[in-house]
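Here is a short tour to follow with the structure open beside you.

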Amino acid sequence: MALEAGDGGTLEREGTGACGKGDGPCEAGALLKEDASPRDDEGALSGVHRLRELSRVPPGARHSKWSNMLIHGDNLRALEALTAQMKRGRIKNADNTDGVRLIYIDPPFASGQSYRDAKGRLAYGDKRKGDDFIGFISARLTLLRELLSEDGSIYLHLDWRMAHYLKVIMDEVFGAENFLNEIIWSYGGRGAKSVARQFSRNHDTILLYRKKDHIFNPVVVEKKIPRSSGGYRLDENGRWFKTAPRGDYTDKSIERLEKEGRIYRTRTGSIRIKYFLREEKGFLIEEKRVGDVWDDIPDAMHMGVEEKTGYPTQKPEALLRRIICASSGPGDIVLDAFAGSGTACLAAQKERRRWIGIDSGALSLETIKSRLERSFFSCAKARRSGEDSFAGVITPYTLFHVD
Ligand SMILES: C[S@@+](CC[C@H](N)C(=O)[O-])C[C@H]1O[C@@H](n2cnc3c(N)ncnc32)[C@H](O)[C@@H]1O
């Protein structure tokens with residue numbers, strides 16, 4: 001049944017979902033009907049492509065306002081369909097701002113390889129090179145920028161092959177003034193990856209940009225230190241602390257820190273800053289704000305069996321949870337347009353965000369579906385047994401195909 005005329009398309013619904021009942025904003029079950037004009041994959045977008053609802057998880061679920069979206073098909077088409085939905089006010093963050101708050105993309109890296117799972121099934125080919133690769137990503141970045149809320153952030157995950165060329169493209173699409181950081185994900189040693197007459201390559205580059213403004217929640221990690229380690233002192237109130245040089249603190253800041261009891265004077269009279277540590281079960285706990293070199297998250301080869309999906313280029317959940325926590329709030333929408341094994345979708349769910357995942361690969365879809373199903377059922381089981389896992393966080397989703 002046709003509901004309303006869209007921006008260059010018609011909203012329709014298949015089956016008997018709530019959206020078909022008519023008024024009010026349409027749910028994720030809406031279909032965006034395309035004009036049937038043929039199009040070039042990377043070329044100008046001529047028509048609006050259609051999101052065809054295939055199924056709901058759990059089966060028959062009725063989604064009142066929002067349903068997470070898993071979209072199978074080419075992401076250029078899917079992004080165009082989503083942009084049309086956003087323009088009609090159907091994609092909104094927790095604070096009602098239009099668009100998605102966070103985009104993470106981990107596209108092919110121009111490696112020239114084909115990636116297969118352990119059973120030899122093809123996940124995807126990564127054969128685009130040079131201009132072809134840059135054109136492919138640029139076309140998608142332009143649509144991704146449109147979909148991003150005004151204070152949204154985008155993380156583009158690449159490696160040594162293309163990161164520097166894409167930095168220039170990101171400057172063009174998002175504006176050099178909106179570059180926030182280059183994150184080095186140093187995933188640790190991999191014997192097979194080391195290059196014999198070279199330093200071994202063991203980091204990926206993640207470029208972080210914003211649209212116009214951005215939100216940022218600092219990420220803090222805790223380090224456990226045996227109490228017996230040197231360099232830590234007890235103050236007159238029985239609190240453990242360590243000190244660091246004054247650095248570039250101004251006199252005014254020093255005055256403030258003095259009032260807070262955070263100034264330590266050495267025997268020679270020089271000023272150092274006190275950092276207090278918590279004590280827990282015989283250990284001192286040091287809190288450290290995460291910077292732009294992330295060397296505390298091992299890669300997929302070192303993941304636990306419960307996390308491994310077998311998808312060849314799966315990224316660790318910890319990496320995505322960090323990104324999601326830093327640049328979005330609960331209830332915001334996280335978009336991954338190269339979803340692979342669905343790490344960003346699952347991480348978003350666990351962090352109480354909503355999500356949209358897109359991938360064109362059949363193996364990717366199969367992997368994401370079974371990964372979400374496993375967490376859905378483990379969640380239900382945990383809830384029944386009263387365990388405090390992420391029970392209650394898992395929400396249903398709708399599976400679409402983009403034509
Ligand atoms: C590096 S993998 C993503 C891995 C993912 N981050 C994870 O943790 O599993 C890149 C993915 O991009 C998908 N892909 C490549 N071209 C695409 C396109 N045009 N549209 C949608 N997905 C695409 C591939 O199928 C592949 O799953």
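**A briefing on the fold and the ligand shell**

Strand 14 and strand 16 (residues 271–280) run antiparallel and are joined by six bridges. Please keep in mind that this is a predicted model.

**Around strand 14**
- P245 has R272 of strand 16 as its bridge partner.
- Strand 14 (residues 240–245) is also joined to strand 13 (residues 233–234), by two bridges and in the antiparallel sense.
- In that pairing, R233 stands opposite F241 of strand 14.
- Strand 13 and strand 14 make a hairpin with five residues between them, and G238 in the turn has a positive phi of about 80°.

- An open sheet of 10 strands has the order 4-21-5-20-19-6-9-11-10-18, with mixed pairing.
- Strand 4 (51–57) and strand 18 (293–294) are at the edges; each has a single partner strand, so one side of each has no neighbour in the sheet.
- Within this order, strand 5 (residues 68–72) pairs with strand 20 in the parallel sense, over four bridges.
- M69 is found opposite I356 of strand 20.

**Helices on the sheet**
- Helix 5 (residues 317–327) lies across strand 6 (100–105), strand 9 (148–158), strand 10 (179–186) and strand 19 (333–336), and runs at about 155° to strand 6.
- Helix 6 (residues 343–350) packs on the sheet too, where it touches strand 6, strand 19 and strand 20; its direction makes about 175° with that of strand 20.

**A helix pair**
- Helix 1 (residues 75–87) packs against helix 2 (residues 130–147) at an angle of about 20°, and their axes are 9 Å apart.
- The two helices, helix 1 and helix 2, are therefore roughly parallel to each other.
- Their crossing, helix 1 with helix 2, is left-handed.
- Helix 1 makes the contact through N75, L76, L79, E80, L82, T83 and M86, while helix 2 contributes A139, R140, L143, L144, E146 and L147.
- By type, the residues of this contact are eight nonpolar, two polar and three charged.

**The ligand shell**
- Which of the 20 residues around the ligand come nearest? They are F338, G340, S341, T343 and G361.
- Strand 8 (122–125) and strand 20 (354–359) are the elements that give two or more residues to the shell around the ligand.
- The shell residues comprise seven nonpolar, nine polar and four charged.

Technical notes
Residues are numbered from 1 along each chain as its sequence is written. This is a predicted model: local features need pLDDT of at least 70, side-chain atom pairs count only at pLDDT 80 or more; totals for chains, interfaces and linings use all residues. A residue is near a molecule or strand if its C-beta atom, placed from the backbone, lies within 6 Å of it. Ala, Val, Leu, Ile, Met, Phe, Trp, Tyr, Cys and Pro count as nonpolar, Asp, Glu, Lys and Arg as charged, and the others, Gly among them, as polar. Two strands pair if DSSP finds at least two bridges between them. Two residues are in contact if their C-beta atoms, placed from the backbone, lie within 7 Å. Axes are lines fitted to C-alpha atoms, for helices over the stretch in contact, and angles run from 0 to 180 degrees between N-to-C directions. Angles under 35 degrees count as roughly parallel, over 145 as roughly antiparallel, 65 to 115 as roughly perpendicular and the rest as oblique. A crossing is left-handed if the near helix is turned anticlockwise from the far one by less than a right angle, and right-handed if clockwise.
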